[in-house]
Amino acid sequence: MRTISTDLDRALTLLQGGELVAIPTETVYGLAADARQPDAVAKIFALKGRPADHPVIVHIAGKDQLQDWARDIPDTAWRLAEAFWPGSLTLILHRQPGVSDAVTGGQDTVGLRAPAHPLTHALLERFQGGLAAPSANQFGHVSPTTAAHVYSEFGDRVPLILDGGPCQVGVESTIVGLTGDTPSLLRPGGVPREAIEDLLGLRLEHHEKPSTAQVRVSGLLDSHYAPRTPLLTGPLAAIAVEAARRGDAGERVAVLHHSPTHKLAGSSEDHAMPGEPEAYARDLYATLRDFDGGRFDVLLLETPPQSAAWLAVNDRVKRATSQWLG
Ligand code: TXA
Ligand code: MG
C-alpha cells in the first residue's frame, strides 16, 4: 500500500485505530494522532524524537469544538476564532480537565487551531474529534511543506502521508496566548500580527526571547528550524565578501538573495528568493531543504527586509541562522 496518498477513508481508519497520519495544512504538514488517545499521541513524540514535555497543538474542525477542549474561554478567543478560523492561528487557552497530559505537556493550557486546508478540514469534519499534531519533521529539522518532505523525514515509518500538495502559507501558525491578563504573541506566523491587533483593538505583548520561566514553546528554541548546512545571514555586501573568500578557499557556496544582483564571485549557485513576504514565506522551508541536501558547504542568505509584514519570515530566518555576517 502506498504511503503517500489522498485516501481520506484510510486516514480516518488509521487515526481511529491509534495510528499516526501525516496531514497537510495550509502552514506546514503535521504529524497527527487522535488527541483523545494518549498512546497514539506518544507515538508522535517517539517518531519525532521530541521531548515529551513539549505540548502539541490540537487541530479541530472549527469554533463549535472549542468548548470540547478549552474552559473559561474569553471573548477575545471567540472573536479571533470567528475572524481567522479556519486559518493559520493557534489559540492557547485553559484546558478542559479531560484533555490529556500527553497533549498539553502537563500544562494547564491547550493549543487549538482549525486549519484551512480543504483535505484536512474534510478529515476533521468526519473525525469529529481533535487531532494532536506538531510539524511533521524530526525534532530540530526544517518543517515540511510537501508530502515528499514528510517522506524524506520518516519514510514508511508513518503509515500514511495524506498528500494535499505544497503548503500555501509555508510557515507555521501564529500562536496567541489567551490565558494571561492580556493577549500575547507567542509565535509570529501565518496570520499577521497587525491583523490580530486591528481586530482586537490592542497591542499584543511580544517577548522575542522568552525566559525559560515562561510557557514552554518548543518553536521558540533558537535552533528549532535549523538546516544541517551552516546558514550565514547578512546584508548583500557582507555576503559578497564571504562568498569570494570561501569560494577562493574551494568551498561550495550557495547564495540566497531577494535583492536583484548579478552572480556573486565565489558562489557556485545563486538563487533569487521572492521579494514579497507571503511568497518568501511560502518558499523558505522548501528552499532551505533543497539547498541543504549536501551540495554545498555553506549557505549565504541575504537578511530579509525588516518591516512588519516580514515578522514571521525574520523569526524563522533567525532560528535557522548559525552565524550573522556584517
Ligand atoms: O502551523 C502550525 O502551527 C503547525 C501545523 C501542523 O498546525 N504546527 C506546529 O506545531 O507548528 P509544532 O508542535 O511544531 O509547534 C507548535 C507550538 C509548539 O512550539 C508548542 O510548544 C506550542 O505550539 N504549544 C502547543 N500547545 C501549547 C500550550 N498548551 N501552551 C503553550 N504552547 C503550546
Ligand atoms: Mg515544529
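**View 1. Interface of domain 1 and domain 2.** Domain 1 and domain 2 bury about 1,400 Å² between them, 56% of it on carbon and sulfur atoms; buried area here is the accessible area (1.4 Å probe) that two parts lose on being put together, summed over both. In domain 1, the residues that lose the most area to domain 2 are Val-142, Val-171 and Pro-188, together 36% of what that side buries. The model is predicted: local features need pLDDT of at least 70 and side-chain atom pairs count only at pLDDT 80 or more, whereas totals for chains, interfaces and linings use all residues. Residues are numbered from 1 along each chain as its sequence is written, chains are lettered from A and ligands numbered from 1 in the order in which they are written, and side-chain values use heavy atoms, with hydrogens and water left out.

View 2. The chain is assigned domain 1 (4–212) and domain 2 (231–324), with bounds that come from an automatic or database domain assignment. Taken over C-alpha atoms, the centres of domain 1 and domain 2 are separated by 29 Å. To the contact (heavy atoms within 4.5 Å), domain 1 contributes 23 residues and domain 2 contributes 12 residues.

**View 3. Polar and charged pairs across the interface, and the face of domain 1.** Across the interface of domain 1 and domain 2 there are 2 salt bridges, a salt bridge being a side-chain nitrogen of Lys or Arg within 4 Å of a carboxyl oxygen of Asp or Glu. Between the domains, 6 residue pairs are in polar contact, both residues at pLDDT 80 or more. A polar contact is a pair of N or O atoms within 3.5 Å; within protein, one must be able to donate a hydrogen and the other to accept it, and residues adjacent in sequence count only if both atoms are side-chain atoms. On the side of domain 1 that touches domain 2, helix H7 (147–154), strand E11 (184–187) and helix H8 (193–200) are the elements that give two or more residues. Helices (H or I, at least four residues) and strands (E, at least two) are DSSP runs, numbered from the N terminus. H7 gives the most to this side of domain 1, with 3 residues. By class, the side of domain 1 that touches domain 2 holds 8 nonpolar, 9 polar and 6 charged residues; Ala, Val, Leu, Ile, Met, Phe, Trp, Tyr, Cys and Pro count as nonpolar, Asp, Glu, Lys and Arg as charged, and the others, Gly among them, as polar.

View 4. Side chains of opposite charge can pair when their charged atoms come close. The salt-bridge rule gives a count of 22. One of these pairs Arg-289 with Glu-153, with the closest N and O atoms 3.1 Å apart. Glu-197 and Arg-193 meet in a salt bridge at 2.9 Å, N to O. Because Glu-197 and Arg-193 are 4 residues apart in helix H8, about one helical turn separates them. Both Glu-197 and Arg-193 are buried, where buried means under 20% relative accessible area, exposed over 50% and partly exposed in between (1.4 Å probe, protein chains only).

View 5. Of the 10 residues of H11, 8 are buried, so the helix is largely enclosed by the rest of the structure. The buried residues are Ala-312, Val-313, Asn-314, Asp-315, Arg-316, Val-317, Arg-319 and Ala-320. Their cover includes E11, strand E12 (231–234), helix H10 (277–291) and strand E15 (298–302). Within H11 (residues 311–320), Arg-319 and Asp-315 lie 4 residues apart, about one turn of the helix. The two residues form a salt bridge, with 2.5 Å between the closest N and O atoms.

**View 6. The surroundings of Arg-95.** Salt bridges that share partners join Arg-71, Asp-72, Arg-95, Asp-101 and Asp-108 into one network. Arg-95 is found in strand E6 and is buried, with a relative accessible area of 12%, whereas Asp-101 is partly exposed at 46% relative accessibility. The salt bridge between Asp-101 and Arg-95 has its closest N and O atoms 2.9 Å apart, and their side chains are also joined by a polar contact of 2.9 Å. Not counting residues up to four places away in sequence, Arg-95 touches residues including Trp-69, Ala-70, Gly-106 and Val-110. Ser-100, in the loop between strand E6 (89–95) and helix H5 (101–104), is buried at 14% relative accessibility. With the same exclusion of residues up to four places away, Ser-100 touches Pro-38 and Arg-95.
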